Amino acid sequence: MSRRNARRTRRRLWLALGFVVVLVFSVFPVFVMLSTAVDPSANSGSRNVLPTGFTLDHFRFVLDEGNFLTYLRNSVLVALATVLASSVLALFAAVAVARFRFRMRIPVLMLILTIQMVPMEALVIPLFLQAKTLGLLDQLLGLVVVYVAFSLPFAIWTLRGFVAAVPVELEEAAALDGASWWQMFWRILFPLVAPGLVATSIFSFIVAWNEFIFALTFMSDSDLYTVAVGLRQFFTRNGANWGAVMAGSAIITVPVMIFFVAVQRKLTSGLIAGATKG
Amino acid sequence: MSKAAVRSTGTDPSGPEQSGPDGGDPPRRSRRTGIRTGARQADHLAITRRRPWLLLTPAFIVLGVLLLWPMIRVVTLSFQDFGLRELVRGDAELVGLDNFTRVLTDRLLWQVALPNTLVFAAVCVVLTVGIGTLVALLLNQMTGVWRSLLLTAIMAAWAIPAVTGTYVWIYLFDARSGFLTGVLEYVGLVDTATTNLFTERLWFFAIATLNVVHHGFPFVAVTVLAGLMTVPKELMEAAEIDGAGPVKRFFFVTAPVLKPVFAVVTILSTIWDFKVFTQIYLMPGGDGANREVLNLGTWSYVSAMGQNQYGLGAAIAVLLTLLLLAVTVVYLRTLFKEEEL
């Protein structure tokens, strides 16, 4: 009995240690970001990560002189358009490859997977030239189409798994009850795949919100910068304005983080498991 | 669904696979569709056969115009002498393999860009998948508030954009105000009076590795955790009763069940870590100022956008893509041998 207790205590200690290590490693950069953003002596060169006081001056500077409100608007517009377009396209394609056995199914799957291997960076050059020809440089739409294309393969690939996990019996029941295929699609498949859509929407959103190279390459008009590119102005030849960099970074990071944590439950608890068990 | 059922339908191109409880079973299918009249049944079959293509078309148009066509264009570009003049004029001169010869005979490729890509990716993938799996196992042992708390922290790490995350790591290793530089100096690993971490190739990539692994492990952890939750409890209990310790249970019960999950996270991590660009480009010297820290991605970009040698940049991009394709093919072959996708 006591040996078992000792083993349990030891297990608890290891778990606690792992908990602390992972927790600190995970949140350390965010913590440093936030504490520097509100630190009045952020640019003094002290090696501290704890703030020496509290100020919102860096945020004021970033929003007033840093033109960040414009960048935020651009980023939000681009990200939302990307999420909408890529969710719809990916869901259709995922149903096609998960629910139908057609002749070209395996080649199509291979193609989608292979296309995902293509490094975005490898296509910057041709897409830059293409966008230049089509007059899509210095246009938010130019970024949206590129981001949709780049988030699609992953979204299709992921959703495929979610669609396949929906029990076929549910579809058959719907068919027996006289539902058409599209009714079945929207009433049965769509709600059950919703957690998957949340996951892929997050992914598309992040692709668009975080993307840097195309936003840097396509936009020469500083009024069309997205937030990721807008940050670069705080690095000057005389060194970085760290207070401003971290305040800007916090503005970019915190909304995404709140959004992430809010949907975390949906992401990790399988709604589908519930549907089949019940 | 059993594997046998999937196999039998894999060779049967007609009709939807999921038309019966075990798709490939003809009598069952006819029983189901038997409630329809003959003409409606024929219509139904025609629609069903076209439906997957109907569903795929929009995605294919986007992928074709924005991924396939540029892929072709980058290849043709790599055979052209395409500079600033051609950018204005539009047409360009074919120069055969000149760009590739230049790249392949460049010391920069063999001693700098290739190792900076390959070794870096290998280290990052091993660390990302390893740490991610350990974290998933830890999460699987925890319950209630603790688990939610840790999941939230991991999500927070995941949510940091590459750009802002990179800036934080640069700040932490900054020569003047970096907290971690201070720690390294305190331990005696670095003397900031004589060295700048970012100009040393090894340190540069150590910092980049830390950055990439921190950015990548949450995805692995969450995916593997989702897989762990599907491992049947009875299986674990049976193994425990048979006297298997936690390590044995992981390697003989969990790992085989989760093999497809590991395959996916490893493939995706490899793809992502091969083409790391932003995290390198944004670091001091990473934008081409320090040639020693160029990888294939940044080298290609700097050649094209910085020096207006679009043909040369395209050739490097083609090489990077071929390298990735080779890795992918190896992965795919092992995957397809193992199971039906």
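Predicted model: local features only at pLDDT ≥ 70, side-chain atom pairs only at ≥ 80, totals over all residues.
1. **Confidence in chain A.** Mean pLDDT for chain A is 86. Of its residues, 94% reach 70 or more. One stretch needs separate mention. Across residues 270–278 of chain A, pLDDT stays under 50. For that stretch the model has nine contacts beyond four places in sequence.

2. **Chain B overall.** Chain B has 341 residues, and 40% of them are buried. Its secondary structure comprises 16 helices and two strands. Take the contacts in chain B between residues at least 6 apart in sequence: 61% of these join residues at least 24 apart.

3. **Helices α3 and α8 of chain A.** Helix α3 of chain A spans residues 68–99, and helix α8 of chain A spans residues 181–210. They pack at about 140 degrees, with axes 8 Å apart. At that angle α3(A) is oblique to α8(A), because the roughly antiparallel class takes only angles over 145 degrees. The crossing is right-handed.

4. **Residues between α3(A) and α8(A).** The α3(A) side consists of S75(A), V78(A), A79(A), T82(A), V83(A), S86(A), S87(A), A90(A), L91(A) and V95(A). Facing them in α8(A) are L189(A), V193(A), L197(A), T200(A), S201(A), S204(A), F205(A), V207(A), A208(A) and W209(A). By class, this contact has 13 nonpolar and seven polar residues, with no charged ones.

5. **Helices α10 and α13 of chain B.** Helix α10 of chain B covers residues 201–228, and helix α13 of chain B covers residues 259–274. Their axes come within 10 Å and cross at roughly 165 degrees. The pair is therefore roughly antiparallel. Here too, the handedness can be stated: α10(B) and α13(B) make a right-handed crossing.

6. **Residues between α10(B) and α13(B).** From α10(B), the contact uses V212(B), G216(B), V220(B), T223(B), V224(B) and G227(B). From α13(B) come V261(B), V265(B), S269(B), W272(B) and D273(B). The contact of α10(B) with α13(B) divides into six nonpolar, four polar and one charged residues.

7. **The interface between the chains.** How many residues of each chain are in contact with the other? The counts are 74 residues of chain A and 77 residues of chain B. On the side of chain A that touches chain B, 51 residues are nonpolar, 16 polar and seven charged.

Note on methods. Residues numbered from 1 in each chain as written. Chains lettered and ligands numbered in written order. Contact = placed C-beta atoms within 7 Å. Nonpolar A, V, L, I, M, F, W, Y, C, P; charged D, E, K, R; others polar. pLDDT = per-residue confidence, 0-100. Axes fitted to C-alpha atoms, helices over the stretch in contact; angles between N-to-C directions. Helix = DSSP H or I, 4+ residues; strand = E, 2+ residues; numbered from the N terminus. Parallel < 35°, antiparallel > 145°, perpendicular 65-115°, else oblique. Left-handed = near helix turned anticlockwise from the far one by under 90°. Buried ≥ 20, exposed ≤ 12 C-beta atoms within 10 Å, placed from the backbone.
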